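The entries follow in the order in which I took up each topic.

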There are 2 protein chains.
Amino acid sequence: MNWHKKPRDSYHHGNLRKALIDAALDLIRSKGTGGFTFAEAARHAGVSPAAPYRHYKDREALVADVAGQGYKAFSAAMDKAWNDGKPDVAASFKRTGEAYLLFARDQPAYYSAMFESGLNIATYPELRTAADEAFDTLKVAVTALVATAPEGSRPPVLMVSLHVWAVCHGIASLFGRGDGAAFKQPISPQELLESHMLVYLRGLGLKV
Amino acid sequence: MNWHKKPRDSYHHGNLRKALIDAALDLIRSKGTGGFTFAEAARHAGVSPAAPYRHYKDREALVADVAGQGYKAFSAAMDKAWNDGKPDVAASFKRTGEAYLLFARDQPAYYSAMFESGLNIATYPELRTAADEAFDTLKVAVTALVATAPEGSRPPVLMVSLHVWAVCHGIASLFGRGDGAAFKQPISPQELLESHMLVYLRGLGLKV
DNA sequence: AGTTCATGTAAAGGGTTTTTACATGGCAAC
DNA sequence: GTTGCCATGTAAAAACCCTTTACATGAACT
């Protein structure tokens with residue numbers, strides 16, 4: 001039987017792993033995290049239904065790989081936005097938060113795989129590592145921001161980081177998805193994050 | 001063929017709809033939102049694989065019904081916690097936020113169906129209605145809280161409500177699930193929410 | 001050239017989905 | 001009460017998906 005929509009030049013695909021990830025991203029984008037089957041991803045990549053099993057134990061392992069790629073891209077985007085705190089900490093911090101929202105908006109398939117695929121993160125250690133790395137970038141930014149406060153009145157970095165993470169994730173999840181945001185509101189996600197951080201940082205006694 | 005684990009007394013089940021919802025809740029709890037099939041829910045309820053089609057168009061419709069029940073229970077829990085702002089607005093507001101986290105922790109199956117099932121809320125109008133109702137309770141609480149500020153320095157209710165909703169949802173989603181919270185932290189969800197609201201309300205210029 | 005091994009296919013068994021035809025019995029109208 | 005309606009359940013069948021097993025291909029190394 002011919003599984004190829006467009007016949008390949010060789011018997012071997014060449015880069016099926018990447019093709020499967022791309023297929024999964026396409027399918028997640030259009031039908032949600034759970035909206036496609038392993039066989040469908042294979043068809044989308046132009047191979048037989050059994051071929052994906054050469055690269056992944058099961059469908060979940062494919063989604064986990066997608067999530068891992070997502071965390072890496074996410075971490076890189078946050079790092080780039082932070083830009084070592086230059087030109088100044090306040091502006092960089094704001095950019096970093098915006099980068100969180102932009103990633104959720106512009107890479108909804110990655111974001112879904114990362115936070116909504118329902119896969120047990122404990123089962124995939126490399127996933128935990130990649131996720132921790134992304135959160136570390138956020139903590140670096142918070143550390144620098146907190147350091148602008150006078151010594152003795154600096155709030156704990158971990159607490160502030162978790163607050164910021166939760167707000168970003170909450171706004172992104174509820175209001176800031178690319179496609180049909182679940183609970184769309186008359187205020188944009190960016191405005192919501194900015195207004196929140198304005199209030200929150202004032203509450204911390206930090207000037208911005 | 002006999003589909004009943006324990007034989008029923010009558011040919012008709014009696015309350016298959018409820019049995020299917022209970023089955024779905026059980027299965028979501030143990031295997032995630034996408035971790036079971038329509039046929040599996042039928043087996044769990046002790047009926048043939050075709051029986052559920054008498055009550056739901058497809059599997060998604062069952063999950064949507066579960067989510068709807070969830071929103072109703074959620075709304076009721078928030079309302080009860082708010083208790084008309086008695087004995088005082090500050091305490092009631094705090095209780096309402098805690099109720100959000102407690103619901104996510106104690107009813108993880110409902111919470112998953114509501115926020116992580118990936119179903120298009122626009123497809124199910126009664127779902128949108130139920131969700132709006134829950135959010136309205138939150139807005140009532142915020143309205144009362146904002147009213148404690150001197151006239152002229154009152155922040156917009158919608159903005160504050162969305163901030164609060166986002167924080168609650170972010171904390172609950174990331175750190176506050178009953179089972180294996182995805183990104184568990186050394187600070188409890190309750191502490192995180194309380195510390196955040198302390199900072200945030202101070203930033204708003206509200207005394208608590 | 002020959003061997004090896006990663007990568008792909010074919011085929012088969014079993015489960016799921018969904019429809020269609022049929023069976024049951026609760027209930028309302030007489 | 002009896003009758004007939006019809007909501008609710010079952011059986012069976014066709015199509016598709018999952019997963020494994022045995023086999024085919026060809027790239028890389030000697």
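**Entry 1: a pair in helix α1 of chain B**

I began with B:R29 and B:D26, which sit three residues apart in helix α1 (residues 16-31) of chain B, so about one helical turn separates them. Helices here are DSSP runs of H or I with at least four residues, numbered from the N terminus. An α-helix has 3.6 residues a turn, so residues three or four places apart point the same way. The pair forms a salt bridge, with the closest N and O atoms 3.0 Å apart; the rule asks for a side-chain nitrogen of Lys or Arg within 4 Å of a carboxyl oxygen of Asp or Glu. I then checked accessibility, where buried means under 20% relative accessible area, exposed over 50%, and partly exposed in between (1.4 Å probe, protein chains only). B:R29 is partly exposed at 48%, and B:D26 is partly exposed at 36%.

**Entry 2: ground rules**

I noted that this is a predicted model, in which local features need pLDDT of at least 70 and side-chain atom pairs count only at pLDDT 80 or more, while totals for chains, interfaces and linings use all residues. Residues are numbered from 1 along each chain as its sequence is written, chains are lettered from A and ligands numbered from 1 in the order in which they are written, and side-chain values use heavy atoms, with hydrogens and water left out.

**Entry 3: helix α2 of chain B**

Next I looked at α2 (residues 38-45) of chain B, where B:F38, B:E40, B:A41, B:A42 and B:A45 are buried. The buried residues of this helix pack against α1 and α3 (59-82) of chain B, contact meaning heavy atoms within 4.5 Å. Just after the helix, B:G46 takes a positive phi of about 80°.

**Entry 4: more salt bridges**

A:E40 counts as buried at 18%, whereas A:K31 is partly exposed at 43%.

Another links A:R177 and A:E116, with the closest N and O atoms 2.8 Å apart. A:R177 lies in the loop between α7 and α8 of chain A and A:E116 in the loop between α5 (108-115) and α6, so the pair ties together parts 61 residues apart in sequence. A:R177 is buried at 9%, and A:E116 is partly exposed at 23%.

**Entry 5: where the chains meet**

A:L162, A:F183 and A:V199 supply 19% of the area that chain A buries, more than any other three residues.

Across this interface I found zero salt bridges. On the side of chain A that touches chain B, the largest share, 13 residues, comes from α7(A).

Terms used: Buried area is the accessible area (1.4 Å probe) that two parts lose on being put together, summed over both. Helices (H or I, at least four residues) and strands (E, at least two) are DSSP runs, numbered from the N terminus.
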